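Keep the viewer open as you read.

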Amino acid sequence: MLAEWRTQLSAVAERLTQTRETPAPPPGVERSRTGLGFIIVIALALVMLVLVAIAPMGLEEQALFGIATCASLLVMRRFANRYLVLAMAFMSMAVSTRYIYWRITATTGFTSPLESVLGWILLGSEIYALFVLAFGYVQTSWPLHRRPVPLPDDVGLWPTVDVFIPTFNEPLSIVRDTIFAAMSMDYPRDKLKVWCLDDGRRADFRRFCESIGCGYITRADNAHAKAGNLNNALLNTKGEVIAFFDCDHVPTRGFLQMTLGWIVRQANMAVVQTPHHFYSPDPFERNLRIEHQVPPEGRLFYGLVQDGNDFWNATFFCGSCAVVRRTALESVGGFAVETVTEDAHTALRMHRKGWNSAYLDLPLAAGLATERFAIHVGQRMRWARGMVQILRKDNPLFGRGLSFGQRICYLNAMAHFLFALPRVVFLLAPLAYLILDINIIRTSAFMLLAFAGPHLFHTLITNAYVQGKYRHSFWNEIYETSLAFHLLIPTLKTLIAPNSGGGFNVTSKGGVVEKDYFDAKLLRPHIIVCVLLVAGIVLGALRWWWGVPADVKAVIMINLTWATFNLIVMLAVLSVGRERRQVRSTVRVEAELPATIFFPDGRQTGAWTLNLSKGGGAFRLEDPSLADHAEKVVVRLPCGQQDALFPASVIGGAGGPLRVQFAPLTLEEEQLLVAAILGRGDAWTGWEYGPIEGPFRSMVRVLGVGMGVLFSRGRREGSRQ
Amino acid sequence: MKASILAFLLSLAAASAFGQTAGQTAPVTPAAPSAPPAATAPPGATPSSAPTSVSAPFPASGYMTYAFKDLGAPQGLRLVEGSAEGGVTYMVRRDEVITAARLRLLLENSAGFPADTKLEVTVNGDAVGTIDVGSDRHSATPVDLPVDPILLGDYNRVGFKLLGVPLASCTANENGPWMTIGPRSAVDVTAGRLPLANDLAVLPLPFFDDRDPHALETSFVFGRTPGPAELEASGIVASWLGGMAGFRGVHLPAVFGTVPAGNAIVFAMGKDNIPGLTLPQAAGPTLAIVPNPNNPSGKLLLVMGRNADDLKVAARGLALGHGAYKSGAVSAVAAVSTPERKPYDAPGWIADTHPVKFSDLATPDQLRSHGIRPEPIVIDFRSAPDYFNWIDANIPMSLRFHVNQEQIVDLSHSRLDVSLNNTPFRSVPLAATGTLINPGGAQHSGTVDIPPFLLTGRNRLNFYFDLAPSPQCDATRASTLVEEIDPDSTIDLSQSPHYAPMPNLSFFANAGFPFTRDADLSHTAVVMPDQTTADDTEAFLETMAMFGEATGYPTLNAEVVRSGDVNSVANRDLVLIGSFTHQPLLGAWTSRTGLDVSAGRLHAMERSWWERIQLAFDWRNRRSHISEVNDWLQAQQGGEGAIVGFRSPLNDDRSVVAIAGTTSQDVAATARLLQTNDRVVKVQDDLVLIRPNDVQSFRLSRRYDVGTLARWTWLRWNLSDQPIVIAILLFAACAAMAAVAFVVLGIKARRRLQGANR
């Protein structure tokens with residue numbers, strides 16, 4: 001027997017060496033053969049994956065299979081590289097498809113109409129989740145990590161640029177920073193024109209713009225809201241490229257230098273998008289006190305999704321912090337007015353026309369995050385409605401001009417906003433058993449564990465690896481749960497009747513929260529579900545305690561675990577609704593800039609800024625002794641290409657850092673100060689999002705955040721700056 | 001052990017050969033040879049004495065005991081307040097007359113009955129005695145009641161009734177006082193043998209009488225060691241007897257060269273002669289009945305012919321009847337042609353080509369039960385054992401039933417419990433089923449799915465109406481309550497494919513599978529050792545009887561070969577009979593299953609590394625009992641019997657079942673096990689080891705599947721036990737997909753960053 005083996009092996013080896021020695025075919029032949037080879041490999045692999053998905057197994061077999069796949073996943077993660085991550089994604093898809101196939105074929109033997117209805121709703125939600133998982137893997141399969149390309153040396157080849165800063169009802173105090181910074185961008189003066197597009201028709205805006213030489217465009221009505229405003233400005237300007245900034249998005253001086261390179265290099269490049277960076281904490285960061293520890297909500301989209309979209313040429317315009325080629329906009333008739341998310345819709349149309357888009361993951365502008373949770377909810381309701389409108393009116397799956405990848409990426413961007421119903425279903429599902437005592441998954445508890453366990457494990461671990469830098473495990477659940485109840489009705493309504501519902505609502509920013517309060521009205525559905533979950537958990541625990549057979553205990557255990565997880569997420573969401581005090585109205589950045597302090601007695605010292613705002617700043621002096629007893633000083637700061645002097649009065653600093661308040665500034669001084677604080681090219685680089693947390697540590701943090709709502713009633717905002 | 005009993009029986013020249021199968025019923029002392037004749041029947045026996053052997057003008061057939069457990073009360077009888085009646089039925093053989101009888105009752109009762117309670121015992125309605133049921137009774141001493149033989153007819157109802165307590169009521173007081181009549185209570189009779197004419201028309205008498213619940217016992221006589229031709233012929237006759245005996249079982253000792261006492265069947269071919277017996281000349285296939293020269297009350301059935309073909313024609317004629325032979329003492333036998341049989345068409349098996357109505361399986365009476373606490377309704381049926389058993393492979397049963405007076409039943413608390421082979425699998429709430437109101441009652445209908453794993457070859461469906469009385473219930477109305485399973489209810493096997501993992505000896509023990517797939521065993525060969533002993537032959541005959549019992553059809557086309565000729569039957573399923581030393585194929589073949597019999601001793605071999613790897617991947621079949629087998633073998637000295645199932649080394653689609661043992665006696669004992677009720681529970685897996693009072697099943701070899709499935713089902717089934725293979729498939733596919741994706745996406749990404757448009 002052994003001898004036989006040996007002969008066979010040597011025969012195989014011989015054949016292999018022979019193959020290696022055959023002369024290489026001509027290149028053309030090679031390529032077509034490679035292509036054919038790939039098709040054969042894919043076909044074979046697909047057949048194998050189908051077998052994997054459908055192979056029916058008993059409990060022991062499935063448990064063994066699950067353990068084998070989970071263990072190998074952990075090994076793969078240990079040695080992960082780009083290739084292994086792709087393999088992990090395929091494995092995750094296969095395991096989850098297998099789970100869903102099993103759910104459909106083996107767990108739907110419902111015994112009553114109510115059970116059927118609830119059971120199929122849950123299963124439908126799981127199928128939706130499977131599709132979103134698949135789209136997500138496609139979308140993020142190869143983040144492009146595009147770098148900027150320099151503008152040509154010949155300035156004559158640089159395009160003329162209009163900067164559009166649309167505003168409706170925001171206070172001038174916010175908009176003026178943006179205008180100042182936009183006007184300070186490094187670009188030939190004759191090729192740069194900044195426009196304030198005031199739909200509020202406010203006299204002080206007009207006066208301000210005229211006083212500093214900024215363009216001012218307004219119109220008689222507010223037709224089509226923001227899209228109408230932009231279209232109106234398009235008619236009245238003629239720059240080759242238009243840079244868009246929401247009125248609170250302050251660009252850095254290098255914005256155009258960094259973004260326009262790709263526009264110049266590629267004639268069909270329509271859009272170069274950069275991330276929306278926020279220098280103020282969003283409601284999650286502020287109310288949960290996780291700023292700089294957990295990546296903010298938008299980070300997944302701007303860090304991973306748009307970068308992944310770029311690979312498929314599906315990065316879409318997000319309304320701000322982007323440059324767009326005028327001819328591209330005009331080729332689609334300006335901004336789309338049919339939906340309330342004109343930016344994405346317009347981008348879709350440009351892609352249909354064959355235009356290119358690019359994404360640069362560089363924070364080249366920064367803005368204010370929404371202050372309050374309620375405002376965040378309102379903003380997301382608009383986005384959700386808009387995206388669902390596009391899904392209905394201009395579905396990316398159909399129609400001309402899109403590649404497969406573009407269709408998937410756009411579809412996922414839109415389908416994502418349908419998460420509300422599945423999310424609510426997942427939240428309430430364990431209650432079907434715990435409160436109503438009906439089994440909406442017709443199988444034994446152990447079978448469910450054996451099938452769902454690997455599915456959840458792969459989804460969790462693979463996503464934790466793919467998204468870890470941008471979103472920690474379980475935060476998706478928090479973000480979605482916080483919005484689900486409010487998005488449920490609007491998205492469903494829009495899905496059925498895309499033109500129903502309200503119009504464009506402007507997200508208000510720059511407000512203050514005077515004192516801590518709990519937004520009970522907004523969070524009413526969350527509170528109700530929390531109470532239900534607690535009731536379900538108590539009922540389940542009682543039933544367990546009263547003594548039931550072992551198999552029933554297993555069912556109770558699964559549902560209790562599920563409900564408890566939901567409750568933890570719910571508590572975290574309730575914490576978001578507990579608004580914490582935010583009183584500072586001007587922005588203070590922590591930056592270390594070289595400065596010089598001049599004292600009235602003529603002495604001066606070098607210094608480094610500790611923090612800086614338009615009101616004043618703190619400085620670490622090279623010679624601290626000079627600060628004693630000084631009342632008035634002059635501060636020299638680097639502002640763009642020049643330095644500028646700012647008179648200021650000392651408000652503290654004996655023994656410590658020198659803290660000063662700037663004297664009232666002229667417009668020119670203010671522009672320079674804005675350039676110094678917000679307009680620096682490196683203003684937002686190196687922004688800290690906190691270390692990557694694995695699923696376990698992330699769970700602990702979520703648990704802590706959720707417990708916070710129960711136990712930290714009296715505590716005040718901490719000392720963190 | 002068997003031989004000694006046989007010798008003992010032979011020594012009782014005048015005693016009946018129709019005693020009992022050894023070890024099956026309570027030990028019974030044979031009555032002394034016939035007492036002097038007396039003119040009249042005596043007035044009866046006293047309870048304390050053994051039944052007097054009543055003189056009769058007939059040769060005494062013997063003293064016989066019929067235990068209640070063989071008379072339809074396997075658990076005995078239990079009487080309680082409100083359900084205080086019961087009984088058993090005893091039938092008298094057609095060729096016997098009862099000369100004396102008594103009831104021997106093993107009674108127990110609790111305290112708590114009213115002081116004047118009495119147990120009334122009746123035979124065919126006539127009281128034969130009353131017994132005081134006073135304080136509690138836990139005595140092992142039987143109560144004997146004499147029965148005047150005049151009271152006895154062909155069919156006799158022995159009734160029991162508690163006097164002084166309510167016979168029927170709506171609420172049974174299960175916790176109240178009770179009385180039991182034990183299953184070993186018996187009807188003891190002394191019987192005289194009626195003379196039978198030497199006429200073939202009386203067949204199957206005296207060999208078989210369906211009124212006799214005891215095992216069928218008759219000797220098979222050969223002039224010399226039988227060859228394949230005689231064995232094939234005798235096998236056909238044995239299977240015919242087995243088919244008639246049914247649940248009773250058979251005992252068919254083989255005798256070479258002598259004529260035993262009692263009834264026997266003699267096979268003679270050409271110039272065969274048997275000492276002490278004058279054989280008529282056979283000019284062709286011939287059957288004859290002659291008196292046993294050694295015993296005037298015994299009969300010999302002669303199966304004769306000039307040659308092997310004649311003998312087989314005679315045997316076929318005997319088994320098939322159909323006018324193949326005429327009445328009279330001797331008859332030539334005409335060749336009977338039989339239609340070619342299809343697989344799975346055994347007449348004893350429930351059809352699987354269409355839904356089968358219950359009316360084909362039971363009489364209307366059997367489908368009815370009475371009262372508010374009815375006896376279960378039982379339907380016995382035989383089926384193929386190899387229905388595909390897997391998820392969603394359920395067998396639909398369309399069930400309809402009636403309860404005639406629903407107003408006295410609390411429907412919301414009443415259920416119909418359905419079980420198959422003692423496993424309850426469905427409880428139908430009466431209130432929830434769809435009802436059609438009939439005059440005076442309602443009809444319920446619905447579909448009940450039978451999980452196929454409950455279906456063995458021999459099946460007992462049990463329907464129990466678990467009824468709760470409503471407030472309208474009263475004893476009178478309750479006694480008129482009738483529950484009925486509609487005879488038009490059906491069980492439908494037509495959608496169930498035949499596909500099963502083999503070897504599975506429970507299939508063999510319960511249904512003779514896989515050999516009985518063809519009812520005439522047309523794809524079966526029996527391989528006998530070159531030196532066939534009487535015990536080997538007995539094992540052969542009883543095995544063939546078992547096939548006949550399983551199918552209800554004689555083994556017309558089973559082939560018998562010597563072990564040297566086995567290659568001529570390579571395309572058949574094989575039954576291997578013989579001891580470890582005399583059956584050479586055992587040693588050559590069982591090593592494939594991991595058994596070693598080379599030294600005449602059984603031994604389970606350790607696995608090679610290659611087999612272990614195979615077994616590790618064979619997830620569903622990974623269980624293996626090597627050490628258990630060896631422990632069992634070493635636990636005791638002495639020989640053992642063995643049944644081994646394995647895949648045929650000659651043909652992958654065929655199976656082998658070996659009936660083996662250390663000695664020929666062990667081989668016979670092994671075959672005898674297949675005639676007992678033990679087989680149903682104790683014969684399983686692929687190896688059964690047998691010692692007196694110890695039967696154990698083990699699994700040694702890997703399984704293989706027989707049968708056909710739809711392609712999709714086949715694919716899924718074969719994937720289902722391969723978790724490791726599936727995991728490897730998954731890794732391979734993901735590795736391949738990721739490799740392609742890595743290359744293709746990498747090229748695309750480079751192009752995109754180099755400035756290409758798409």
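Start at Ile165(A), which touches Val175(A), Thr178(A), Ile179(A), Ala182(A), Val194(A), Trp195(A), Cys196(A), Leu197(A), Phe245(A) and Cys247(A), leaving aside residues up to four places away in sequence. Touching here means C-beta atoms, placed from the backbone, within 7 Å. Buried means 20 or more other C-beta atoms within 10 Å of a residue's own; exposed means 12 or fewer, and partly exposed is in between.

A quick word on the ground rules. This is a predicted model: local features need pLDDT of at least 70, side-chain atom pairs count only at 80 or more, and totals for chains, interfaces and linings use all residues. Residues are numbered from 1 along each chain as its sequence is written, while chains are lettered from A and ligands numbered from 1 in the order written.

Now find helix H16 of chain A, residues 420–434 (helices are DSSP runs of H or I, at least four residues, and strands are E runs of at least two, numbered from the N terminus). 13 of its 15 residues are buried.

Over in chain B, strand S10 (residues 178–181) pairs antiparallel with S2 (residues 77–80) over 4 bridges; pairing takes at least two DSSP bridges. Leu77(B) has Ile181(B) as its bridge partner. S10(B) also pairs antiparallel with S5(B) over 3 bridges, where Glu108(B) stands opposite Thr180(B).

Notes:
The expected span of a helix is 1.5 Å times one less than its number of residues. Two residues are in contact if their C-beta atoms, placed from the backbone, lie within 7 Å.
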